[in-house]
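Good morning, and thank you for coming. I would like to walk you through one structure today, one chain after another.

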Amino acid sequence: MKRQRWGVVVAVTLALCLGLIVGPAMAADEFKIGVITSLSGDLATGGSVTKRGYDLWAKAVNAAGGIEIKGKKYPVRLVYGDDQSQPAQAASAAERLAAQEKVDAVLGPYASGTTIAAAPVLEKYKVPMITGSAESPLIWKQKFRYTFGTIPPVNFTGSAVIKVLAALPQGPKTAVIYGTNDTFSKATAEAFQATAEQVGIKVLRFNILPPKQDMTPLMSAAKVLNPDLIAFGGHDEELVNLVKVLTQINFTPKALLMHYGVTEPAFAQALGKNANQVLGASVWTSSIQTKGSIGWPTAKAYYDSAVAEYPKDPPDYTQAASTAAGLVFQAALTQLGAAPPLDEASRTKLVEILEKLDVQTFYGRVKFATEGDYYHSNAGLTPLMVQILDGKEAVVAPPESAQAKLVYPLTPWDKR
Amino acid sequence: MRGRPAWMWILLVIAAVGAVPAVMTDPFFLRLFTEALMWIGLAITWDVMAGYTGYLNFGHGVFFGVGAYTAALLIIRAGMPFGLAAALGGLVAGVVALVSGWPTLRLRGAYFAIGTWALNRAVGQLALVLEITGGPDGMRLPPFLRPQFFAWVMLAVVGATFLALWLLLEQAPFGLKLKAIREDESGSLAIGLNPARLKLQAFVLSAVPAGIIGGVYAYWITFIDPSSTLGDLITDQAVVMAIFGGLGTLIGPVIGAIVFFAFKTYFWAYLSDYQVLYLIILGLAIAATVFFLPDGFWGAVTNRLEGRRALRKGLSLGEAAGT
Amino acid sequence: MLALLPQAIVDGVLLGGIYLTVAMGFSLAYGVLHVIDFAVGEWIMLGAFAGLAFTEWTHLDPLLSLPAIFVVFAAVGWMLQPLLQRVLSGSRGRPVLMALVFTFGLALAIRGSALTIFGIFTHSLNTALSQGSWHVSRGSFFLTVPFIRLAGLVYALAVIAVLNYLLKRTDFGLAVRAVAQHKEAAGLMGVDIRRTSAAVYGLYVGTSAMTGVFIGAIVSLNASMGPDLSLFAFFVVVLAGMGYLAGAPWAAFLLGLIQSFFLIYFNPSYVLLALFTILYLILLISPTGMFRRGV
């Protein structure tokens with residue numbers, strides 16, 4: 001009896017060892033791409049946007065059979081790691097995807113904090129990551145070698161829209177600027193302020209507020225100052241609240257500028273006619289004229305695909321940027337020409353290819369900066385200014401992408 | 001248990017657990033191992049105030065956060081080595097407990113719970129507005145990514161904490177004195193105890209290990225910000241784990257932490273499609289535990305054991321429990 | 001800046017009105033049943049969504065839904081209370097703590113369900129009062145009072161007045177106060193404790209749900225709005241003294257005024273820090289609430 005039991009033990013041990021030896025050397029039939037994003041927790045809203053973007057890419061590339069390497073097509077399999085909107089979980093997910101699942105690359109998180117926590121782990125395992133979302137300039141300041149982003153940081157896009165406003169005839173001369181105290185919103189508000197001062201708009205008030213702060217007293221004070229422009233960096237709930245406060249105290253500035261969240265359908269739905277003429281910054285809408293050399297040929301084609309798959313969630317720029325991240329990997333992997341699973345040397349080579357890549361997609365141009373403040377983020381994109389008109393977002397600047405004329409000044413609330 | 005004293009058994013268990021990171025070297029497993037230990041530490045320290053002393057600290061996470069930020073500041077700005085920084089993190093957390101405890105412990109019951117919650121939120125706001133803490137951007141520590149190292153460090157910290165708490169609360173009269181306060185605070189004066197001093201000692205005792213754990217966390221995860229270290233989530237989960245396990249004991253929260261963390265991880269790793277159901281299941285599980293097992297899992301087990309022993313020996317339950 | 005003073009006061013009082021709506025039912029529930037209901041924010045959230053559903057089905061003004069919402073949610077509270085009672089009267093464990101954790105679990109379950117069913121986006125309730133405001137400016141004096149916020153304040157004061165009448169002038173109120181003071185003695189005097197407790201809890205859930213409609217109209221609503229509301233309910237009630245309903249308006253106005261003044265005259269970044277610090281300090285000076293009438 002005892003000998004039999006020992007026999008089993010030895011056999012199992014040998015089998016395991018064999019597995020360990022044989023495992024890594026075995027070729028795979030697919031590319032394993034990890035996805036770290038907020039599928040739960042406070043940031044699940046945004047995380048689900050990135051998930052849709054990544055899923056759309058995987059579906060499309062697999063519909064064509066996969067990524068072609070040396071004449072053979074390798075489908076893509078996404079392996080998810082929920083960061084639960086927490087940095088510790090992001091690091092954990094990164095470790096699991098890199099060490100256990102041995103993914104070839106990672107599509108990155110929605111938020112900046114989680115990206116900063118996951119990045120060092122992926123540096124250790126030398127797994128390249130592209131995030132289709134995180135927009136804080138903080139990430140790029142860390143100069144992670146293996147992390148890239150398809151959206152330029154918020155100080156890049158935020159400053160562009162202020163410049164458009166300043167250039168208008170009878171444009172705003174005074175401004176009141178607020179921002180919520182979280183990484184993204186604070187950076188947005190600071191970008192607004194810095195650019196405003198640069199272009200000669202007098203900033204009468206600037207402050208960073210606690211999240212979800214009731215802004216009535218602040219807007220009452222602003223009404224007395226009567227600024228031409230009110231600019232605000234915050235998240236969807238706070239954006240809706242701000243517009244409601246302004247309608248309640250009946251103060252209409254000449255321009256109301258916000259950022260991410262304006263373009264979500266929920267914003268226009270919640271506010272009805274009061275959402276009209278609100279301005280926002282963006283890097284992509286479905287109506288811009290782009291030509292994709294890989295994947296979808298135009299922005300409209302992507303839009304149609306996206307709503308066919310997710311009819312209740314029309315794509316915004318974060319979703320588009322996430323899909324673009326997948327396309328960038330696709331282009332880079334094709335150029336690399338190595339079959340999966342990728343070893344460390346191949347992955348490092350992939351990073352070099354990513355740094356040199358310059359590709360046109362339905363999302364726009366993707367070219368990562370290789371030095372300076374915007375290191376490894378997509379500084380090759382043109383920021384857009386959007387305005388809500390008739391309950392829908394429309395591009396109003398720059399002129400080559402504009403689909404409607406910018407309405408300025410705002411129609412007073414009580415005259416709508 | 002006859003023969004060896006309890007503390008030897010505890011050391012043996014710690015040593016046995018310590019062998020695990022030497023054998024199972026998969027980095028992801030080691031992360032889970034380290035995190036489970038972290039939660040054990042947070043749950044047992046919370047229990048010192050809640051279970052033994054009868055004071056619900058709904059801001060327990062503030063000690064963790066203060067420890068994390070202290071260690072981060074010392075490592076980044078003063079170039080201090082990690083071990084010293086984490087230790088000082090615990091010290092600063094202890095000082096915070098001392099200073100805030102003296103006035104706060106005058107509050108009773110719900111007032112104390114909400115007062116400590118307010119304190120936690122206030123410190124969170126402080127971290128959010130100060131420049132030196134990086135505000136909402138948080139702080140990034142130099143990466144030292146060695147899973148085994150952190151597994152052993154966390155084990156050492158939590159193991160030492162458990163041992164210390166065992167000696168102080170289960171062996172020494174200190175634990176009984178705290179329980180006397182829990183049962184009848186004004187009455188305890190009559191038997192010659194000094195509740196104000198004892199409560200403060202318990203408060204500091206619950207804070208220092210939590211602070212050290214926070215310091216270790218900062219260096220381990222390499223990134224801290226106000227919402228992850230000074231938010232409600234740390235306290236909420238520690239509370240749930242301690243209650244699941246059973247208050248007023250040390251083993252209860254340990255079991256609660258392990259079970260809860262295992263459930264959470266399993267759900268997260270393999271059922272992420274249903275992550276949104278996690279909240280619902282968690283909430284119902286908590287409500288059900290309170291309803292059916294008010295003494296927690298360990299409490300229910302010990303109650304049954306006492307009951308059985310009483311039946312076998314024809315004792316009353318009181319006699320069987322040894323009180 | 002003195003010109004802004006009247007506006008600062010009015011904004012503070014109106015903000016306090018919102019806090020009062022959130023806290024008043026909760027204060028009643030604690031004073032009588034001695035239960036800290038962590039789910040107060042979730043009841044408010046559910047009421048807000050009920051208002052939204054009402055508007056979407058009937059295309060009527062959400063404020064018209066208030067009576068129906070009260071009745072429905074009061075019934076829910078009435079039926080739920082015996083469950084809570086069982087937890088509170090557990091022979092083992094610590095009742096206060098257990099009730100707290102029970103309602104905490106309940107709150108999580110409700111929030112999770114709401115997120116699953118209603119999704120993550122923010123909505124808004126539009127009423128006839130949503131956009132109007134009363135505006136006066138005479139020389140350097142000016143004041144704007146938004147109608148909907150004023151309505152919130154009026155609602156809060158009306159509910160407090162009704163509750164006060166119920167408690168002081170009716171037999172039912174007498175029974176409630178007896179249960180609050182000494183449950184066993186009240187039972188001995190012939191009060192039906194179970195029915196009285198269930199009624200109080202029903203009142204609390206019903207008013208909280210109605211509050212949800214106002215919050216949805218004044219600010220906005222989404223499935224995660226619960227915890228922040230619960231926090232403010234706790235703060236108001238603890239500041240007022242738990243169970244001391246008459247203290248609630250003062251505490252609510254104080255919190256609203258502190259915020260308003262801080263936002264207008266100091267650095268807004270520190271407003272919450274100031275608020276929590278002041279709350280903490282008041283508690284330390286007066287551990288049973290600012291009127292020292294708390295239980």
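Let us begin with the sheet in chain A. This is an open sheet of 5 strands, with parallel pairing, and its order is E4-E1-E5-E6-E7. Please keep in mind that the model is predicted. Which strands stand at the edges of this sheet? They are strand E4, residues 76-82, and strand E7, residues 147-149, of chain A. Each has a single partner strand, so one side of each is left without a neighbour in the sheet. From one strand to the next, the twist averages 25°.

Strand E1 of chain A, residues 31-37, pairs with E4(A) in the parallel sense, and 7 bridges join them. To find this pair on the screen, look for Phe31(A), which stands opposite Val76(A) in E4(A). A helix also belongs to this picture. Helix H2 of chain A, residues 44-63, lies across E1, E4 and strand E5 (105-107) of chain A. Relative to E4(A), helix H2 of chain A runs at about 165°.

We now step back to the domains of chain A. Domain 1 consists of 31-152 + 288-366, and domain 2 consists of 155-282 + 384-415. How many Å separate the centres of the two domains of chain A? Taken over C-alpha atoms, the separation is 30 Å. The contact between them takes 12 residues from domain 1 of chain A and 13 residues from domain 2 of chain A. On the domain 1 side, helix H4 (112-125) and helix H5 (137-141) of chain A each supply at least two residues. By class, that side of domain 1 of chain A divides into 6 nonpolar, 4 polar and 2 charged residues.

Is Ser100(B) buried or exposed? Ser100(B) is buried, because 21 other C-beta atoms lie within 10 Å, and the cut-off for a buried residue is 20 or more. Let us also compare sequence and space for this residue. Ser100(B) and Leu74(B) are 26 residues apart in sequence, and their C-alpha atoms are 23 Å apart in space.

I turn now to chain C. This chain has 11 helices and 2 strands. Read along the sequence, the pattern is α-α-α-α-β-β-α-α-α-α-α-α-α. Along the principal axes, the C-alpha atoms of chain C fill a box of roughly 65 × 50 × 35 Å. What radius of gyration would a compact globule of 295 residues have? The value would be near 19 Å, and chain C has 19 Å, which agrees. Of the 295 residues in chain C, 57% are buried. Among contacts in chain C with a separation of 6 or more, 78% come from residues 24 or more positions apart.

Finally, we come to the place where two chains meet. Here, 35 residues of chain C are in contact with 30 residues of chain B. Helix H4 (95-118), helix H9 (226-240) and helix H11 (271-285) of chain C are the elements that give two or more residues to the chain C side. H4(C) gives the most, with 16 residues. By class, the side of chain C that touches chain B has 25 nonpolar, 8 polar and 2 charged residues.

Thank you for your attention.

Key:
Residues are numbered from 1 along each chain as its sequence is written. Chains are lettered from A and ligands numbered from 1 in the order in which they are written. This is a predicted model: local features need pLDDT of at least 70, side-chain atom pairs count only at pLDDT 80 or more; totals for chains, interfaces and linings use all residues. Two residues are in contact if their C-beta atoms, placed from the backbone, lie within 7 Å. Helices (H or I, at least four residues) and strands (E, at least two) are DSSP runs, numbered from the N terminus. Ala, Val, Leu, Ile, Met, Phe, Trp, Tyr, Cys and Pro count as nonpolar, Asp, Glu, Lys and Arg as charged, and the others, Gly among them, as polar. The radius of gyration is taken over C-alpha atoms; the globule rule is 2.2 Å times the number of residues to the power 0.38. A residue is buried if 20 or more other C-beta atoms lie within 10 Å of its own, exposed if 12 or fewer, and partly exposed in between; C-beta atoms are placed from the backbone. Two strands pair if DSSP finds at least two bridges between them. Axes are lines fitted to C-alpha atoms, for helices over the stretch in contact, and angles run from 0 to 180 degrees between N-to-C directions. Domain bounds come from an automatic or database domain assignment.
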